[in-house]
Amino acid sequence: MALFLSLLLILLFPSANADWPPSPGYWPSYKFRPMSFHKGFKNLWGPSHQSVNHNALTIWLDKTSGSGFKSVRPFRSGYFSASIKVQPGYTAGVITAFYLSNNEAHPGFHDEVDIEFLGTTFGKPYTLQTNVYVRGSGDGKIIGREMKFHLWFDPTQDFHHYAILWTPKEIIFLVDDVPIRRYPRKSPATFPLRPMWVYGSIWDASSWATEDGKYKADYKYQPFVAKYTNFKASGCSAYAPAWCHPVSASPFRSGGLTRQQRRAMRWVQRYHMVYNYCRDPKRNHALTPECRS
């Protein structure tokens, strides 16, 4: 009887040492069809450092250039995702990104929602950084809203699915359909509402990417390669009629997360979050009022 109760408790209340998140119980990525790269995206820069084979995109960085791509349409809300595999070994200073932005439409005053892999050194895990910019100045005064994670798997070993769900009410970041962060709209001043495009890139950010710039990109390890596939971009384009309804990351048409999804997100934030801007005593939280509410 005692053994039965112990097993039941383990099933109902997973150990704090569990190395995999609880099931979210809902998998939004299955709601949306994948698209070929050329149907939804185009090269933005570094065309010689980009190749497409069977709908899988490879981009790379070396001493001469990196590479980037961009969606052919802007969106005002939607679900945006890709399966990504990053390079093992020494990748310090290198950023592999999948993000939303309107920096070309609003230079110096843009919005941005980021998923970024921050390169690392031998024996240390990648850091996955999520970030939200709202009307950033682009002159060194951008207010970042970073939350960083060490994932519960090695992102260099296989493709995993990374997604951004953006609606007029919330932004949800997901990894393999597990929500890792929800950023609700608390005021127009702290939430991006202007149309954005979907981007991806690999580039040298040695000044800050790895341990605040302590470790730089070392080109004796070039090329630094990132692979993307299973692209999805579904929602209301900037040209859609006003009645276009935002998509959801949960079974609820109104958005939000289920209790089971929230439980999975709490697990990730408890065991795998390594930085939260709202808890950083060095930050001026007068600039981030959403942290106080």
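Two strands pair if DSSP finds at least two bridges between them. Strands themselves are DSSP runs of E, at least two residues long, and they are numbered from the N terminus. Keep both in mind, as we start with sheets.

A word on the source. This is a predicted model: local features need pLDDT of at least 70, side-chain atom pairs count only at pLDDT 80 or more, and totals for chains, interfaces and linings use all residues. Residues are numbered from 1 along each chain as its sequence is written, and side-chain values use heavy atoms, with hydrogens and water left out.

Eight strands form an open sheet in the order 1-4-13-6-7-8-9-15, and the pairing is antiparallel. At the edges stand strand 1, residues 41-45, and strand 15, residues 273-276. Each has a single partner strand, so one side of each is left without a neighbour in the sheet. Neighbouring strands here are turned by 20° against each other on average, direction ignored. For that angle, axes are lines fitted to C-alpha atoms, and angles run from 0 to 180 degrees between N-to-C directions.

Look inside this sheet at strand 8, residues 127-136, and strand 9, residues 147-149. They run antiparallel, joined by three bridges. Find Gln129: its bridge partner in strand 9 is Lys148.

Let me stop at strand 10, residues 160-166. Is strand 10 enclosed or open to the outside? Seven of its seven residues are buried, so strand 10 is largely enclosed by the rest of the structure. Buried means under 20% relative accessible area; exposed is over 50%, and partly exposed lies in between, with a 1.4 Å probe and protein chains only. In a regular strand the side chains alternate between the two faces of the sheet. Here, His160, Tyr162, Ile164 and Trp166 point one way, while His161, Ala163 and Leu165 point the other way.

What are the partners of strand 10? Strand 5, residues 75-86, pairs with strand 10 over seven antiparallel bridges. In that pairing, Ala82 stands opposite Tyr162. Strand 11, residues 170-175, pairs with strand 10 over five bridges, also antiparallel. There, Ile164 stands opposite Phe173. A hairpin of three residues joins strand 10 to strand 11. Moving along, six bridges join strand 11 to strand 12, again antiparallel. Ile172 faces Arg182 of strand 12 in that pair.

On to the cores. A nonpolar core is a set of buried Ala, Val, Leu, Ile, Met, Phe, Trp, Tyr and Cys residues joined through side-chain atoms within 4.5 Å. The largest has 52 residues. Which residues have the most contacts inside it? Trp152, Tyr162, Ile171, Tyr228 and Phe231 do. Apart from that core lies another, of ten residues, among them Tyr79, Leu174, Leu257 and Met265.

Take Trp152 on its own. Contact means heavy atoms within 4.5 Å. Leaving out residues up to four places away in sequence, Trp152 touches Asp19, Trp20, Pro21, Val175, Val178, Ile180, Trp267, Val268 and His272.

Now a loop residue. Thr121 sits in the loop between strand 7 (110-118) and strand 8. At 10% relative accessibility, Thr121 counts as buried.

On a 1 Å grid over the protein atoms alone, a cavity is a set of points where a 1.4 Å probe fits but cannot get out; a pocket is an open set with protein on both sides within 12 Å along at least five of seven lines; lining residues have an atom within 4 Å of a point. Grid points are joined across faces, edges and corners, and a volume is the space filled by probe spheres set on the points.

How many cavities of 30 Å³ or more does the structure hold? One. The largest cavity has a volume of about 40 Å³. Its lining includes Gln87, Tyr126 and Ile202. Strand 6 (94-101) and strand 14 (224-237) each give two or more residues to that lining.

The largest pocket has a volume of about 490 Å³. It is lined by 22 residues, and Leu118, Lys148, Trp208, Ala209 and Asp212 lie nearest its centre. Strand 8 gives the most to the pocket lining, with four residues.
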